Amino acid sequence: MFNFIPSLLPSVQAVRRIFSMAKPQVIFVLGGPGAGKGTQCAKIVEKFGYVHLSAGDLLRKEKNTPDSKVGQLIANYIKEGKIVPVKITCGLLEKAMNETMEETNGEKYKFLIDGFPRNKDNLDGWNDAMNDKVDLKFVLFFDCPESVCTTRILERGQTSGRTDDNADSLKKRFNTYATETKPIIDHYGESGKVRKIAADHDPETVFQETSKYFQ
Ligand code: UP5
Ligand code: MG
């Protein structure tokens, strides 16, 4: 008698998508300079279909935008390894998320936010502006010794053109990481949100570990 009902009901997947569209899913990707955040994010995108938003890339793009009101400020912060005020970074991230959702009619709603939040100002600003708007799944933490990161970054610096890929800026970036960013990772660790991965192996081995959290 009720045979017609199942066909009228939306599928489980459809219901899930309706709810997902309302709230983008977010994974924060953290770790020191050169830990391999960008490299692993590219692999996650390829295999698991996430959208990669690198806070550093968005800031570098804004820095290079002609007539940007904050371009010079961003340039100074990046060269000094300091963390750009959250209003700027969070604004760029929210805009990028909204654009992606709009352009894909909500099809793409799973975001890897790479290199953010990096300090208390970032954390507080994000929580104020975004906490209710997104579903934070977990924090991927690529744990890599400073010596390994230094070798990687200085090698990349020969061709990257990044104004902060030099020994002087790198020292400052590591200092900022240890004093400001690591405490944020520890903060998320206290609420069981952190998925830690040993990042001082070849990229494929690191990705095998990473993939476990996406199955
Ligand atoms: N490489 C990667 N993985 C490897 C592996 N497993 N084995 C061997 N080599 C590996 O990799 C770095 C290099 O290592 C590459 O040459 C790669 O081939 C090789 P990458 O994947 O780029 O590492 P990643 O962790 O992304 O390093 P990155 O330099 O991007 O890290 P940072 O966190 O320093 O840079 P980011 O772009 O996020 O930020 C730059 C600056 O922007 C910050 O210092 C800050 O001033 C500013 N910023 C903010 O102010 N606020 C933000 O929210 C974000 C950034
Ligand atoms: Mg990066």
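**View 1. Phe-141 and Lys-196, where strands S4 and S5 meet.** Phe-141 sits opposite Lys-196 in S5. S4 covers residues 135-143 and runs parallel to S5, with five bridges joining the two. Two strands are called paired if DSSP finds at least two bridges between them. Strands (E, at least two residues) and helices (H or I, at least four) are DSSP runs, numbered from the N terminus. Helix H9 (residues 167-190) lies across strand S1 (25-31), S4 and S5, at about 130° to S4. Angles here run from 0 to 180 degrees between N-to-C directions, with axes as lines fitted to C-alpha atoms, for helices over the stretch in contact.

This is a predicted model: local features need pLDDT of at least 70 and side-chain atom pairs pLDDT 80 or more, while totals for chains, interfaces and linings use all residues. Residues are numbered from 1 along each chain as its sequence is written, chains are lettered from A and ligands numbered from 1 in the order in which they are written, and side-chain values use heavy atoms, leaving out hydrogens and water.

**View 2. The whole sheet, strand by strand.** Five strands make an open sheet with parallel pairing, in the order S2-S3-S1-S4-S5. S2 (51-54) and S5 (194-198) are the edge strands with a single partner strand each, so one side of each has no neighbour in the sheet. From one strand to the next, the twist averages 25°. Helix H4 (residues 55-63) packs on this sheet, touching S2 and strand S3 (110-114), and its direction makes about 60° with that of S2.

View 3. Buried means under 20% relative accessible area, with exposed over 50% and partly exposed in between (1.4 Å probe, protein chains only). Gln-25, Ile-27, Val-29 and Gly-31 point one way from S1, while Val-26, Phe-28 and Leu-30 point the other way. With S3, S1 pairs in the parallel sense over five bridges; Ile-27 stands opposite Leu-112 in S3, and Gln-25 has Lys-110 as its bridge partner there. With S4, S1 pairs in the parallel sense over seven bridges, and Val-26 is partnered by Leu-136.

**View 4. Strand S3 beside S2.** S3 is mostly covered, with four of its five residues buried. S2 and S3 pair in the parallel sense over four bridges. Look for His-52, whose bridge partner in S3 is Leu-112.

**View 5. Helix H4 crossing helix H6.** H4 and H6 pack at an angle of about 100°, with axes 10 Å apart. Ala-55, Leu-58, Leu-59 and Glu-62 in H4 meet Ile-88, Thr-89, Leu-92, Leu-93 and Ala-96 in H6, where contact means heavy atoms within 4.5 Å.

**View 6. Helix H6 from end to end.** H6 (residues 86-103) has 18 residues and spans 25 Å from its first C-alpha to its last, close to the 26 Å expected at 1.5 Å a residue. That expected span is 1.5 Å times one less than the number of residues. Its buried residues include Val-86, Cys-90, Met-97 and Met-101. After H6 comes Asn-105, with a positive phi near 50°.
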